[in-house]
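Good morning. Please have a look at the chain on the screen before I start.

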Amino acid sequence: ITLSQSRMKNPFSICQHVSFNNYFPFTASTPILEVGPRNLTVLDGKDAIITCRAVGAPIPNTTWILNDTIPVEIAGRVQLLETGDLSIAAVTLNDAGKYTCIRSNDAGSVNGSGYLAVHVRTQIIRPPSDTSVLLSLNAELQCKVSHDPSVPYDIVWFYNSQLINTRASTRVKMREDGALEIVAVRASDVGEYTCSVISPGGNETRSARLSVIELPFAPINVVASRVEKISPRAINVSWVPGFDGNSPTKKFVIERRTVPEMGPIADTISNWIVENDNVSASLRWCLLEDLKAAAAYQFRVTAVNLVGEGPPSEPSNIVALPQEPPSGPPVGFVGSARSDSEIITQWQPPLEEHRNGHILGYILRYRLHGYYNKSPWIIHNITNEAQRNYLLSDLITWKDYIVQIAAYNDKGVGVFTEGLVIKTKEGVPEAPPTNIRVEAVNSTAIKVWWKPPNPQKINGINQGYKIQAWIGGNFTEANEFKFLKVPPSLFDPLAEQSAVMSGLRKYALYNITVLCFTDPGDGERSQPIEIRTDEDVPEEVENLQFDDISDRALTVKWTPPSEINGILTGYQLKYQIKDNPDSQRVLNFSSDVLSSQVEHLQPTTHYKFEVIAWTAKGPGKPKVATIQSGVEPVLPEPPLKLALSNIDAFSVVLQFTPGFDGNSSITTWTVEAQTRRNTTWYKIFEVSDPDASTVTVEGLIPFMEYKLRLIANNVVGASKPSEPTKEFQTIQAPPSHPPRNVTVRAMSATELRVRWIPLQQIEWYGNPRGYNVTYTEVRTNKSKSIAIEDHTANSYVLEGMEEFALYEIVMQAYNDVGSSPSSPKAVERTREAVPSVGPSNVEANATSSTTILVKWGEVPVEHQNGQIEGYKVYYGASGSSFQYKNIAKNTTFTTTLTELRKFVQYHIQVLAYTRLGDGALSTPPIRVQTFEDVPGPPSNVSFPDVSFNTARIIWDTPEDPNGEILAYRVMFHLNSSQDRQFSREFQASDRTFQASNLEPEKYYMFSVTAQTRLGWGKTAFAMVLTTNNRERPQPPSMPQVSRSQVQSRQITFSWTPGPDGYAPLRYYTVQKSENSGPFQTIPERVDPTLTSYTANNLKPFTYYQFRIQATNDIGPSDWSAESVQAQTLPAAPSRGVTGLKVVPITTTSVEVHWDMIDEVHWSGDHETGGYRVIYQPVSDFPTALEATPKQEILGIKQTKMILSDLMEDRNYEIVVLPFNSEGDGPASPP
C-alpha cells in the first residue's frame, strides 16, 4: 500500500483510517535520497544551505558529518531545517570541508556528500579616512583590500563622483596597495574621495574627505581709534577676519609698536610688541587700556588656527595719545642731612612708562614734620631735567623735615614721592647759660653757678657745659688757663647747676665764662665774670746772694718770690751760727727792702742764713744758704767718685763724694744725662740737699742706656760737671702707653680691620714684642684676644667674627716684661650676612590630604646675621624636586602648604633670609605624610593585543595612588553608544584584562578606575579600534612656530597630527636642537589631544629647531620634519660683574672698578647694555636696593665710574649690576 505524503504526516489519521476497516498490515520503506548534497562555494560572511532531502517510512532521521569523522553540532549559526537541509549562517573559513548527510530509519539508511568551499570576501580592510593636510604637503588616502588569492579585483578612485585617471595625472597616483597619493596638495584638491572595489568576491565602496588646511590669511581693515569715554589712554582696535585656511580660527593676536616722531620705521621683529596674544576667535575688536601717554601707536592683527599663526595685517592708522602729567614719582628718592642747616637729596627720573611725555624738571617741596600739616610747603622748581640732586639750605637746626619730589612735563606736575623724614644735623647752641655766679673757695679753687640756656637755642642734644678760666681780657686759646667740663643734669635739665674748678693759681685774677656744647661743638660763651682766688703764703725768694763779705760783716741780697700768692707785706731775715740755734738773730723788713747789711759776725765762722717772704696769710717757704764769714764764696768744685746702685726702670741711686763747696752751702745738685740717642748732655734731675752724698735720680726712661754727671750749685753759681758715670741701662718696664688712634672698620660679615699708630722705639720701655687685640661681642659679653707678634704692624684683620654683631675692641702693647694699659674702646658692627642656621622649633602637621600646617620659631639671635626680612618654607616628596613658599614678613611664624599630593610623605625645612640672600635650612628635615584620599587615574593605559573581536587592556598603578590601592574596575562600551556597558572589578595585583566578543572595526571606549580605603578615584579613559590592521602612527606635520609665541626663554609651536595607524595615540615626544646642534629629548610626555606645545627654559637669543614623534600602542612614529629655525628674543644679562673694587679719591667721592662682562653673557642685547652702580651708606638698618641712589653708565666695555657728592667720613655699600633694554642682570655682592 502506498500512502500519500499527506496522510503520512498525520499518524493519527492513519489510525483512524485503519479503525474503520478490517485489519491491514503496515510495511516500512528504505529512505530514498531525493536531493543530495552538492558542492557549494560561498563567500565568507554569507549564509550557506547544503541540501539533503529524502523520503521513507517512517520519516528518516538526519545526521550530518564533517570531513567523515566530526558530527556537526547543531547550535548557534548551524541549524537543521525541517527538510533535512543544513543551514550555516555567516560562513567562516573554518566552516569549509566535506559535508556528509545520512538519512536513516528502521528500514535502512541512505547518505550523500558535498563539499563546501569558502572564499574570502573581497573587502576594504583599511578604508580612507577623513584627512586634513597642510598646503603643499603630500596627502595619502588608504584603500587596503582583503581578498581571496584566487579572486581578482579592481580598484578605482573617484573625486567628487568623477573617475580619477591616475595614469594620466602627474600629481595624483595610485600605489600598488591601492592607496591614493596626492603630491603637493592645493586648494583645488579639497573634496570627497571614493575608493571603489569591484570583484567576484564582492564589491565595496568607501569614501573620505580631504581637507587642505593652511595658515589663516591676514585680517583686513585694521582700524584703531581712541575711546576717551573710558580712558584717555584707551584705544579700540577692530578688524575684519581673512580666510581661516580651512581650519577654525583659534584666536587673534594683537601687536603694537611705538611710532617715533619722525614717522614709522621699517618693520623688524623687534619693533613690534605683542599687546594681547589671546583674543577670542569670536571677537572682531579689542579694547586696549593703560597704554603709555604721549606716545603714537600702530597696531596689526594676526589670526591663529590649528596650523599656526598667519601673516600680520597691514599696520593700522597711527593713533597718538595726548601727554599727561607724569603718573609715577621719581624713583630712588633719598636724602640725608649734610649739616645743621642743609639736606642733600638724590633721585632718578620716573620709570619710562610713567613719564607720559618729556620730563622738563622737578618740583621739590619740604616743610617741618609733625606740625599737623600746618607748616606751609616750601617749593623749589628744578628746571634742569638732567639734575639728579639738590641741596636744601637755610634750614632750622636739629629739626625733622618732610621732603617730597615730583617730575613735571608740559601737562603739569606728576605724582609726588612718599615723604622722606630727614632731621638736620645738630648745631652748636645759639645762646649761653644764664645767671652766672662765681665765688672763690680757696686760694686754688672757685665755685660757679649757672642756669641752662633756652632749650630752643641749644640746637641739638645738650652734651654738657664748659667752664673756662681766662687770664686777662683776650679770650684766645693762648689765654685760656683752664677749663672744666660738666655734664648736664639728668634729673632736671632746666635747673640751676654748679661746679667747683680747682687747680688755679693762688691770688690770681681770672675771667670766668660758661658755655653749653653739643656734639658738633661749643656754643656761645657767657659774659665773663672777674674773680680772684684767695690769698696764700708766698713761695721762696729768688736769687739769694752775699756781697761785701768780711770777717765781721756781709751784705745779703734777694729778689721777690716768683709766686707771691697775695700782697707782699715784708721779708724776714734769720741767721745763726751753723748748728747753734741759740745764736739765731731775726731781722724784719718792709716789702720794698731787698737787701740788708749784717754785722757783728764772728770771724771765719759758718753761718746759716734764711730769707722768708710774708703776706697777710703768713710766712712763705724760707730760702736757706750757708756761708763762712771772712771768706768770699766762689764756685764749688765738681763732685767726685760717682758710683751707681739700685738701677731700676725709672730711677737710679747716684753716690758721690762732694767737692769743695766754694765757701757756701750747696743749694742744689743738678744731674745731667747723655743717651745713645742724644749725645748732648741735658738736665734730667735736680735736688736741694746741701749735705747729700747720694742722690736718687728719677724720671729715667726704662731700657735706656745712660751716662750721668753731677753739678753742684751754690750762691755763686754752678760747678763744672763731674766726670760721667759708666754707661748703664735702666731695666725694662711695661710699655708707656697703648697704641694710639685705634680705629675699626667692618670689611665683611666676619671680618673687622683694626688700625692704630704703632709705638715709637723709645715708648716700648723694653724689648718690643707686639700688640694684643681684645674684642668683645657686646650682646654676649664674650671676649677673645689675639697677639700680633709684630711691633711694627699698624693694622690687623680680625677673622671668624659673628655676622652683624657689635664688637668693642681695645688694644695693648706688650714687651718682654708686661703690657701697657688698654686703649680707649673702639666700636664697630660686622657687615650683614645671611642667617647661618635655620629657624628653631619647626613643626609640621597634616590637616588634610592636600594641606600641611607648618610652624616655626625665630632664628637664634647669634645666627641671624642681619635683619630677618622673611622666611621660605621648602617642601618636597622623595624623588621630586623641592619647591618653596615665600613668607615676606619677619613677624609671621606659621603657614599652610596647599595643593600637595595626597598620601605622600613630604620633607619640610624652613629658612630665614636677609636682604643679602637665603640663610641655612632648618635641620633635621621634618617628615609629614598627607592624609589618604581616593586615588588618581591609573597610568600608562594601553592595548598591546587587539583583533576584530578582542582587545587586551593593561595599566599601571596611578601616579597619585593617594593611599593603598585595594582594587581596579574596568568598564567598556561602544564609543558610539552608551548601551551594553560592561563592568568588572579586579584585585589590586591584576592589571590586565582581555575583552572578547567585540564587534569588528568598531571604536570602543574603555575606562579604568582604582579604589582605596576611601572609595573609587578618578578614571582613566582609553579608546581602541577593533581591527587586525594596527600599525605605528604616521609622523605629525612639521612644527609651525608662531612669531608672536617666540619669547626670550620659551617658544610655542603647533602641528597637525598624522594618521594614527588605527590605534589611538597615547602621547607625543618633543625634541629640540640648539644652534643646529644634536637633537635632545624634552623629558615630558605631551597629551595626545594637544596640537601645540611650549618649550620652556630656553636660552635667550639662541636658534632652536623642533621635531615631534607620535606614539600609539604599537610604537612610535618616525620623527616629523624639523621646524624652521626660530631665534629666541634677547633678555636681560645672564651674568653679574666680578672683580668689584672701590677706591676713595676725595673726602666725598670714590672710584668704582669692575671687570667687564663678555658679550656672550648679554643675552643678545649688548648694544643697549651698560652698568648700574647702586650705593648707600652702611647702616645697622639698611634699605632695600631698589630704594637707594643709582648711577648708570652705557657701554658693555665700561669698567669704572666715579661717585661724587657722598657724605664725608661714612662707609658706603656699593653694588654693580649689568642692564640692557630687556632688564637687569644679577647684582654683585655688596
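Predicted model: local features only at pLDDT ≥ 70, side-chain atom pairs only at ≥ 80, totals over all residues.

Residues are numbered from 1 along each chain as its sequence is written, and side-chain values use heavy atoms, with hydrogens and water left out.

A salt bridge here is a side-chain nitrogen of Lys or Arg within 4 Å of a carboxyl oxygen of Asp or Glu. By this rule there are 44 salt bridges.

Take aspartate 85 and arginine 53, whose side chains form a salt bridge at 3.1 Å, N to O. Aspartate 85 is in the loop between strand 7 (78-80) and strand 8 (86-88) and arginine 53 is in strand 4 (residues 53-57), so the pair ties together parts 32 residues apart in sequence. Strands are DSSP runs of E, at least two residues, numbered from the N terminus. Buried means under 20% relative accessible area, exposed over 50%, and partly exposed in between, with a 1.4 Å probe and protein chains only. Aspartate 85 is buried at 2%, while arginine 53 is partly exposed at 37%.

Next, arginine 300 and glutamate 255 form a salt bridge, with their closest N and O atoms 2.6 Å apart. Arginine 300 is in strand 26 (residues 296-304) and glutamate 255 in strand 23 (residues 251-259), 45 residues apart. Arginine 300 is buried at 9%, and glutamate 255 is buried at 5%.

Finally, Glu140, Arg175 and Asp177 are linked in a network of salt bridges.

Notes. Helix = DSSP H or I, 4+ residues; strand = E, 2+ residues; numbered from the N terminus.
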